[in-house]
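Biologist: Could you take me through this model and tell me what stands behind the terms you use?

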Amino acid sequence: MADDLTNLSANELLQLYRNKTASPVEFTQALLARIATLQPHFNVYRSVDGDAALAQAKASEARWQRGLPQGLLDGVPVGFKDLLNVQGFPTRKGSLATADKVQTEDCPAAARLRESGAILLGKTQTAEFGWKGLTETKLAGVTPNAWDRQYASGGSSGGAAVSTALGLGPLHVGTDGGGSIRQPASVNGVFGFKPSYGRVAGYPAAHNGTLFHIGPITRTVTDAALLLNVIAAPDVRDWTSLPSDGRDWTLNLNEGIKGLRIAYSRTLGYLKVDSGISAIIDRAVAKLNELGAIVEEVDPGFANPAPILEALAAERAIRLRHDIGDAGLALLDPSIRASLEKAERHTLTEVVEANQRRGELAALMRRFHQRYDLLVTPVTSQPVPHLGKAPEAPFLSPFNLTQQPAASVPAGFDINGLPVGLHIVAAQYNDALVLRAARAFESIQPFPALHLSSLRERAPAWGLA
């Protein structure tokens, strides 16, 4: 029964609470037991406060018994990537250069979730300062892939993606400054959604500024929409946050994509992609055709924007240096320190020119979406690598530059049996269309699920209970 409970989606769990056939305390106890079983093998959480979680669960249970839930996610546990501040937990950002100091203030997403009655469960592992697409750090160690511990989990939201895949929490809040939600979601077989920039308020300001998006990592599209209903809200501490229009993001999820014009780009016009990955994505795109979309193979028409990102990294490097000082710099991973020093060599003129080219790219994509409702591509270009190497996901960062909504949807498995994601992108602020398209695909090809029984079969020597 405990395994059955922890495999439930948040939507299913809330229905049980309404029917009084399960309680927040029962679910939280089952979840903490599952974390205790799998955390030693997968290292997904940086910190969990079981006592605090159970206290929140008991308060939630009392509200549900009275028929007066506090909010939309009352009694549902949520994990937070350890780049985000959550009251009662340190924010270590995967780095020895940070202090083990307990935060006294919630980031906006955590504040909205606390107000809704959600259980703030703990902090998930991240790449150091979110700098790499690999969740392996000197501070926290290695977080392996949920499907096979010999392989990389990606990053920088690797802990959140692996936790979601393993059923160690139905809802997770991740961050994406260049693919950090979508890449680990892809290689761990879960749904990862990067909303339009500002849709989810952020505070304190991120090192990579307006490239930094905050969004859901979940096992279902409906769960992501449920989470967005709470966290997609402005906050006075973030002057770039978008105003709320009171939208219910779960509405119209099942309207389908019949008649939508979809552009399919295998390479964005400049990338090299493994033939096996291309074949998986071709089959996924054929499903979109089956659903009634009008699919055309076309590239969006921009050059590789890597030079723009390289120049803008100077801003991130300056902010990081300011925050951690010389003593902190000495504790950084040497490869990050080298990247920081390289980034700082860019001149002010180069940064200004990069921002101008960024604006031109965003305008190009706005024109592109006047013709096409959606753009779809692969997420990764190569099969998932072994531990120690970041999965290659070069399709993602252009859409941080343009601040567009984008998602990774589980689409199949590579030659090594590791998940592969389909990338769905819509015009800026058209977040609902990405969710709708992802839900349409999920309806015809349900997302894969890992259960304790399958994990026992994969590694019987672990002694999983």
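The talk below goes through some terms and the values behind them.

Modeller: Gladly! This is a predicted model, so local features need pLDDT of at least 70 and side-chain atom pairs count only at pLDDT 80 or more, while totals for chains, interfaces and linings use all residues. Residues are numbered from 1 along each chain as its sequence is written, and side-chain values use heavy atoms, with hydrogens and water left out.

Biologist: Why is Leu268 called buried?

Modeller: Buried means under 20% relative accessible area, exposed means over 50%, and partly exposed is in between, with a 1.4 Å probe and protein chains only. Leu268 has 1% relative accessibility, so the residue counts as buried. Its phi is positive, about 60°, although Leu268 is not a glycine. Most residues other than glycine have a negative phi.

Biologist: And what makes Asn252 partly exposed?

Modeller: Asn252 has a relative accessible area of 48%, so it is partly exposed. Asn252 too is not a glycine and has a positive phi, of about 65°. This residue is found in the loop between α8 (221-231) and β9 (261-264), and Leu268 lies in the loop between β9 and α9 (275-290). Helices here are DSSP runs of H or I with at least four residues, strands are runs of E with at least two, and both are numbered from the N terminus.

Biologist: Which peptide bond joins Tyr203 and Pro204, cis or trans?

Modeller: The bond is cis, with omega about -5°, and Pro204 is in the loop between β7 (191-194) and β8 (213-218). The bond from Gly155 to Ser156 is also cis, with omega near 10°. Most peptide bonds are trans.

Biologist: What does Gln183 touch?

Modeller: Contact means heavy atoms within 4.5 Å. Leaving out residues up to four places away in sequence, Gln183 touches Gly133, Gly154, Gly155, Val379, Pro391, Ala393 and Leu396. Gln183 is in helix α7 (residues 182-188) and is buried, at a relative accessible area of 4%.

Biologist: How do you know that the span of α12 is close to the expected one?

Modeller: The expected span is 1.5 Å times one less than the number of residues. Helix α12 (residues 348-371) has 24 residues and reaches 36 Å from its first C-alpha to its last, close to the 34 Å expected. Its buried residues include Arg358, Met365 and His369, and the buried residues of α12 pack against elements including β9, α10 (306-329) and β11 (374-378).

Biologist: What makes a space a cavity?

Modeller: On a 1 Å grid over the protein atoms alone, a cavity is a set of points where a 1.4 Å probe fits but cannot get out, and lining residues have an atom within 4 Å of a point. Grid points are joined across faces, edges and corners, and a volume is the space filled by probe spheres set on the points. The structure holds two cavities of 30 Å³ or more. The largest has about 50 Å³ of space, and its lining includes Met365, Arg366 and His369. The second largest cavity has a volume of about 40 Å³, with Glu128, Lys132 and Asp333 among its lining residues.

Biologist: And what is in the largest nonpolar core?

Modeller: A nonpolar core is a set of buried Ala, Val, Leu, Ile, Met, Phe, Trp, Tyr and Cys residues joined through side-chain atoms within 4.5 Å. The largest has 127 residues, and those with the most contacts inside it are Leu73, Leu113, Leu166 and Phe191. A second, separate core of eleven residues includes Ala97, Phe129, Leu320 and Ala343.

Conventions: 1 Å grid on protein atoms, 1.4 Å probe; cavity = no way out; pocket = protein on both sides within 12 Å on 5 of 7 lines; lining within 4 Å.
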